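I opened this notebook to record what I looked up in one structure. The sequence and the model come first, and my entries come after them.

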Amino acid sequence: MNDLSDYLKETDCIDYKNPLVAKKAAELKAASSDNLGYIERAYKFVRDEIPHTWDARLTVVSKSASDVLKNKTGICWTKSCLLAALLRANKIPAGISYQYLTRADDASDGYIIHALNTVYIDSLKKWIRLDARGNKPGVNAQFSLEKEILAFPTRPEFGEKDYRDNHSDLDVRLKEILIASDNILEVRADFEI
């Protein structure tokens, strides 16, 4: 992939020029020695310091990267927007990838769309995927340049899918769901990407 420009653009969800996002990106960058260190620091900030709304038992709906910082919480869709925004603010190409997962331990409660990030590592000339959803018992995503250590391994026996895709913005259908929702409990997406 030669043209990375789409993965550096500001969008309504990946609003890296917003003062809250720009300030946090500058703060994280100042504490990093190089781009790889910055990518890891930004990833760990989103993963560890921004609670997943479901895990925190909150109802607020963050609809963009800046909302996640303002509300101090987000679901995987918008946490991935925040990580992409923090990286793009420092000219690091970043996108969004999706998985189609069960809502429960099996397919009895339907499916959800899970979002994670793609990041272009210029020094390695390759894309990697990072999952900043947030860790909890049974979920242990990690920063890794060589082997993906994501929040959720897919289970094809239950119809789960890992699209291994790379989008420059949050899917328009997911944006519409967020815009229409006032309570995180209303947020459902059981369609396939």
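**Entry 1: basis.** I noted that this is a predicted model, in which local features need pLDDT of at least 70, side-chain atom pairs count only at pLDDT 80 or more, and totals for chains, interfaces and linings use all residues. Residues are numbered from 1 along each chain as its sequence is written, and side-chain values use heavy atoms, with hydrogens and water left out.

Entry 2: I then listed the contacts (heavy atoms within 4.5 Å) of L87: beyond four places in sequence, L87 touches Y38, I39, A42, I92, A94 and V119.

**Entry 3: aromatic pairs.** How many aromatic pairs does a search of the whole structure find? The search gives 4; rings of Phe, Tyr and Trp (its six-membered ring) pair if their centres lie within 6.5 Å, and planes under 30 degrees apart count as stacked, over 60 as edge-to-face and the rest as tilted. The Y7 and W127 rings have centres 5.0 Å apart and planes at 65°, so this pair is edge-to-face. Y7 lies in the segment before helix 1 and W127 in strand 3, so the pair ties together parts 120 residues apart in sequence. Y120 and W127 are also edge-to-face, with centres 5.5 Å apart and planes at 65°. Y7, Y120 and W127 form one aromatic cluster. Y7 is buried at 8%, Y120 is buried at 11%, and W127 is partly exposed at 24%.

**Entry 4: I177.** I found I177 in helix 5 (residues 172-180), buried at 17%. Leaving aside neighbours within four places in sequence, I177 contacts W77, V187, R188, A189 and F191.

**Entry 5: positive phi.** I recalled that most residues other than glycine have a negative phi. R57 has a positive phi near 55°, and R57 lies in the loop between helix 2 (35-49) and helix 3 (65-71). K72 has a positive phi of about 60°, and K72 lies in the loop between helix 3 and helix 4 (76-88). R57 is exposed at 76%, and K72 is exposed at 57%.

Notes
Helix = DSSP H or I, 4+ residues; strand = E, 2+ residues; numbered from the N terminus. Buried < 20%, exposed > 50% of the residue type's maximum accessible area, 1.4 Å probe, protein only.
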